[in-house]
Amino acid sequence: MNAVTMAHAPGAGRGTRRQAQARTARQARLLLTPAVSVLLVWMVVPLALTLWFSFQRYNLLRPAGGFAGFDNYSYLLGGHDLWRSIWNTVLLVGGVLAASIALGTLTAVLLDQPLFGRGILRLLCIAPFFVMPTVSALIWKNLLLNPVTGLFAWLAHLVHLTPVDWFSNVPLLAIGIIVAWQWIPFATLILLTALQSLDQDQMEAAHMDGAGPVARFRYITLPHLARPISIVVMIETIFLLSVFAEILVTTSGGPGSATTNLPYLVYKTALLRYDVGGASAGGIVAVVLANIVAFFLVRSVATSMGPRGLK
Amino acid sequence: MRRAPAATRLSLSVLGWIVGGITFFPIFWMAITSVKTEAQAISSTPLLFFRPTFENLANMIDGGDYLHFATNSVIVSFGSTAAALLLGIPAAYAMAYYPTHRTKDLLLWMLSTKMMPSVGVLVPVYLIFRDAGLLDTRIGLVGIYTLANLPIAVWMLYSFFRDVPHEILEAARMDGAGFLQQMLWLLLPLAAPGIAATALLTIILSWNETFWSINLTSSDAAPLTAFIASFSSPEGLFWARLSAASLLAIAPILALGWMTQRQLVRGLTFGAVK
């Protein structure tokens, strides 16, 4: 490419400006190349391999393998495990999303009021988002939800109730609580930032016109938050589809398969049962599921890149 | 700004502190437990007033274990951040200042690589790592985190670079500054706060990443996320120790997150909210 451009470069005069432009364009492409090529390899190679493995009879413990056709898929789709794990994934994503939007919006609106110590409150309310998943899962499991020595058990005794054995009786709910505790602050952070860009004059005018707090929330705040909320929904969905560590360190997917979501099922098939073919088929299902969500996310972000760009 | 009546303000404040208190409580309780003895930590009547002991925290740091994993966390998150910036800054510069008709598609494509769930490529990545001898190595983890963070870094940098007035670079170009000179001597200093915010976000994300760290490391290269996960085994159920390790593992990142919350929003939403 280099040589071609050089050959066409006119000797002097009017050509120099064009020549400079062409050189700049080439340099810009050169700066882009490393980032684009590593991402391209990262995007294509592993996924192609997953797809390839998913049609192979391939277990790390049994060297003999070969082409399996759709066997891995039909085994997966015909069994109970996959559907259970998809259902668990949907429940976890849906439940945590609902909690983050409802509680995140309320917290953000509250923190937007002229409270005493608002700066500190804001820090307290977003803190859980920065806690690594293994820490939040183990702290909740052992210090708070433990049926014998946990704080919740003590609270239950205070009001003469029998403590709940969270991880045996309602394991998915327990994991949902932990994950929601991490992600409600994310919604709060994003929505609070969005609220602070809300035009105060408009609020003032509505107030003057006699609109009460509920009307102001309904007709000014909520429409203003519509887009940030949709962004929170989609970003959280991407992350919540991949919840893994919280399950690994608390229930290991159990009891039975009560808390096995799609990522955990693939992990179990691959690294505990060494079934490369089966795990790859599961991975492909996860990719398809994520792509359905991603389709909407990318479209919505693309819409936001309107004439004013990404500003 | 409109002034709320004092009584409303007071009651809203009380409500706010209740919400903040509940949200923060698990972290507070973890910090309290980290300065208890193991016996106090499993007491079925929670102790709030006791003589604190800093033995757990001191043991954690002296014992050597914690420092090994913390070192891994630091190396992996800083290494992958440096690599992501090295690849991301030139790319974002090119796209922000020399856009073509394909720039928008390129950005969206980069974003879409983030949509691929890690679990979809777990099997091949694990096998490639095994065959290349990269399992349980820091360099392997740095590579994965770089790839995972690159799209976010590019988007965030792009959004910050667009905020630098074009006229400044234009003027420098008129004065004969070359392509790379503009980037190195003008854009980098002007966009330094944005670059710092980008670096902090990728450090935070790498520090807290758990899927790859748990699946691709075991001991030599295991970062703090994997170390804490080891407390889930039956032999690891010492709650004061767990709390001490957890506190030390999250404190630096919590501090970073608190300092940069506003800039993080831009990165976390791919520039859509700021």
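**View 1. Helices α10 and α14 of chain B cross at about 75 degrees.** In this predicted model, α10 (residues 192–208) and α14 (residues 261–268) of chain B pack with their axes 9 Å apart. Axes here are lines fitted to C-alpha atoms over the stretch in contact, with angles running from 0 to 180 degrees between N-to-C directions. That makes α10(B) roughly perpendicular to α14(B), a label for angles of 65 to 115 degrees. On the α10(B) side, look for A197(B), L201(B) and I204(B); from α14(B) come Q263(B), L264(B), G267(B) and L268(B). Contact means heavy atoms within 4.5 Å. The tally is 5 nonpolar, 2 polar and no charged residues; Ala, Val, Leu, Ile, Met, Phe, Trp, Tyr, Cys and Pro count as nonpolar, Asp, Glu, Lys and Arg as charged, and the others, Gly among them, as polar.

**View 2. Helices α4 and α9 of chain B meet at about 100 degrees.** Here α4 (residues 65–97) and α9 (residues 179–190) have axes 12 Å apart, and α4(B) is roughly perpendicular to α9(B). I89(B), P90(B), Y93(B) and Y97(B) of α4(B) touch F179(B), Q182(B), M183(B), L187(B) and L188(B) of α9(B). This contact has 8 nonpolar residues, 1 polar and no charged.

**View 3. A nonpolar patch sits on the surface.** Patch residues have over 30% relative accessible area and no salt bridge, with nonpolar side chains (Val, Leu, Ile, Met, Phe, Trp, Tyr) joined within 5 Å; areas come from the Shrake-Rupley method with a 1.4 Å probe, and only the protein chains shown count as cover for residues. Helix α1 (residues 6–34) of chain B gives the largest share, 5 residues.

**View 4. D71(A) and R57(A) pair up in a salt bridge.** The N to O distance is 3.4 Å, where the rule asks for a Lys or Arg side-chain nitrogen within 4 Å of an Asp or Glu carboxyl oxygen. D71(A) belongs to helix α3 (residues 71–78) and R57(A) to strand β1 (residues 56–59), 14 residues apart. Helices (H or I, at least four residues) and strands (E, at least two) are DSSP runs, numbered from the N terminus.

**Notes.** Residues are numbered from 1 along each chain as written, and chains are lettered from A and ligands numbered from 1 in written order. Local features need pLDDT of at least 70 and side-chain atom pairs 80 or more, while totals for chains, interfaces and linings use all residues; side-chain values use heavy atoms, leaving out hydrogens and water.

Definitions and conventions:
Parallel < 35°, antiparallel > 145°, perpendicular 65-115°, else oblique. Patch = residues over 30% accessible without salt bridge, like charges linked within 9 Å, V, L, I, M, F, W, Y side chains within 5 Å.
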